Amino acid sequence: MSAPTRRLTTAQALVRFLSVQYTERDGVRRRLIAGTWGIFGHGNVAGVGQALVEYADVMPFHQGRNEQSMVHAAVGYARQLDRLSAQAVTTSIGPGATNLVTGAALATINRLPVLLLPGDYFASHAPDPLLQQLEHPVEADVSVNDTLRPVSRYFDRITRPEALIPSALQAMRVLADPAETGAVTLALPQDVQAEAYDWPEEFFAERVWYVRRPAPDPVELSAAVEAIRSAGRPLIVAGGGVHHSEAEEALKAFVEATGIPVASTQAGKGSLRHDHPADLGGIGHTGTAVGDALARTADLVIGVGTRYTDFTTASGTLFQHPDVRFLNLNITGFDAHKLAARTLVCDARSGLEGLLEALGGHRVSEAYEAEYRAGKDRWDEVVEAAYRADDEDAVPTQTQVLGALDAAVGDDDVVINAAGSLPGDLHKLWRSRSPRQYHLEYGYSCMGYEIPAGIGVQQAASGTPVWALVGDGTYLMMPTEIVTAVQEGLPLNIVLLQNHGYASIGGLSEETGGERFGTAYRFRAADGTFTGAPLPVDLAANAASLGMDVLRAKTVRELREALAAARASDRPTCVYVETDPAPTAPPAEAWWDVPVAETASREAAVEARERYDRQVAGRRRHL
């Protein structure tokens, strides 16, 4: 007797399959693919589009305005839910597909799951070449979707209906695997999307993908314990893996038992509450004075769920103790082996719990605890000074905007940012009160991420106030998903800071001899420079034209009132404020390597190169 089958198109089978995939960790089950974002064109409207109509009762659909933004929204959703639930994104062929590349890179770099379903050429090549098809002269099977290969953790082109079965299963495996996850691409030729096939019923049975918590290897655990016991000045660097593993309580217990202090990367900030005695705030180029000072003198650096980017290591110049060694607890061997470290390849929570049990009461010296607590107290005074506004009727500085927002948010509000000068100020100054409050995308630092990510976070955490912090440069990159927030009825809050240019890159340009060239939004002067008056661009009016309620704040007092009103609103609301451009954030506590011209005639570049040569001399290779 033959096994039962169901006759569906390939696209219908895929949507039906996705609707019955689940993850489970610690007894909690979630939909693996909780919804699908889409913009339709000829490459997906008759295939995936029709399938989404067919199964609208089991696969929620969200309409986007920009393909890159849809991926950002899906990434924000997955991050808020600790990578245990994700969303799919479908596009047409051509520019719809290539617009996915930036979002895919962001997802993969940040180790966050998203399923991409771009349309593709006809597998039969019947109407060859079709609209928007890339004609490669020597590789006929290449399409624009191949640009997604290097930024995907798994890629396949489904050229026959039955090929979907193994490929879909592999796609789900990668999405649900914390050690492998990232962007997954299933390119879908248009004719195959619409082709019918007799699918085995087993393909549509509910399937649970168990998210593992690998325990530490006994040999690695023993070596790690020995390293910690022999260290006099250990320091934990908490990365995003602490959050992904929901290891915050395990980290807190470990720290309170051992007294080892914690400095956090952008992704790891909030691993401890800001007011915990052992929380030192950020580390690296945008770190705090106390965090970076301890990093320079640490003899053992314990990385928990971190990738050790150049911002964290200050481009290899931060960890300066002559005998410094590294112990890396990470679910991926790839990251655990960085900096020639002793490794503990395991889940962050299970690894911290194993270390705590094996250490048996070991604790750092009282003198070391007193040292870092005093440093923390001094830094708290710096934060208070940066936040303080002595004149409530003055134009706010950027750090005063953060101070006003700090006073307005609740413990569980989510603050989102990705690029510009805000990430540095936030990493140094923001006082995280809960594990999900601080949402910085800094693996790719992608301008335009904040607004769509805010939509994804609100979908994942209904009822939670979400704040997308954007400068004028970021806003102009990608404001279009405001329309989506309005359409979906999501009360997203945008804090839009207008400083008439790229503040962060302007400062970097000045530091590296570029003299702020091309970094301001101003009229071109007669000599060709952009030093004229600010452009008469009204971004608040633009946000209002896209459907948001807009509150304009000209002073610190008005800003506080506007933030309170926005938080109380059930409508998408933009708080617009022009800031005093004078820098008020504490300067960088550590270097960052941005190469400077080795030879130049302009004095600014020559001086910048001299500074660069002094800094680069401090780089170490940790072997």
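## Strand S7 and its neighbours

Thr91 has Pro118 of S7 as its bridge partner. In this predicted model local features need pLDDT of at least 70 and side-chain atom pairs count only at pLDDT 80 or more, while totals for chains, interfaces and linings use all residues. Residues are numbered from 1 along each chain as its sequence is written, and side-chain values use heavy atoms, with hydrogens and water left out.

Strand S6 (residues 86–91) runs parallel to S7 and is joined to S7 by four bridges, two strands being paired if DSSP finds at least two bridges between them. Strand S9 (residues 183–189) is likewise parallel to S7, with five bridges, and Ala183 in S9 is the bridge partner of Val114. Helices (H or I, at least four residues) and strands (E, at least two) are DSSP runs, numbered from the N terminus.

## Burial of S7

Seven of the seven residues of S7 (residues 114–120) are buried, so the strand is largely enclosed by the rest of the structure; buried means under 20% relative accessible area, with a 1.4 Å probe and protein chains only. One side carries Val114, Leu116, Pro118 and Asp120, and the other Leu115, Leu117 and Gly119, so that both faces are covered.

## Packing of H3 and H5

Helix H3 (residues 67–80) packs with helix H5 (residues 100–109) at an angle of about 20 degrees, their axes 7 Å apart, which makes H3 roughly parallel to H5 (angles under 35 degrees). The contact (heavy atoms within 4.5 Å) involves residues including Val71 and Val75 of H3 and Leu100 and Leu106 of H5.

Technical notes: Axes fitted to C-alpha atoms, helices over the stretch in contact; angles between N-to-C directions. Parallel < 35°, antiparallel > 145°, perpendicular 65-115°, else oblique. Buried < 20%, exposed > 50% of the residue type's maximum accessible area, 1.4 Å probe, protein only.
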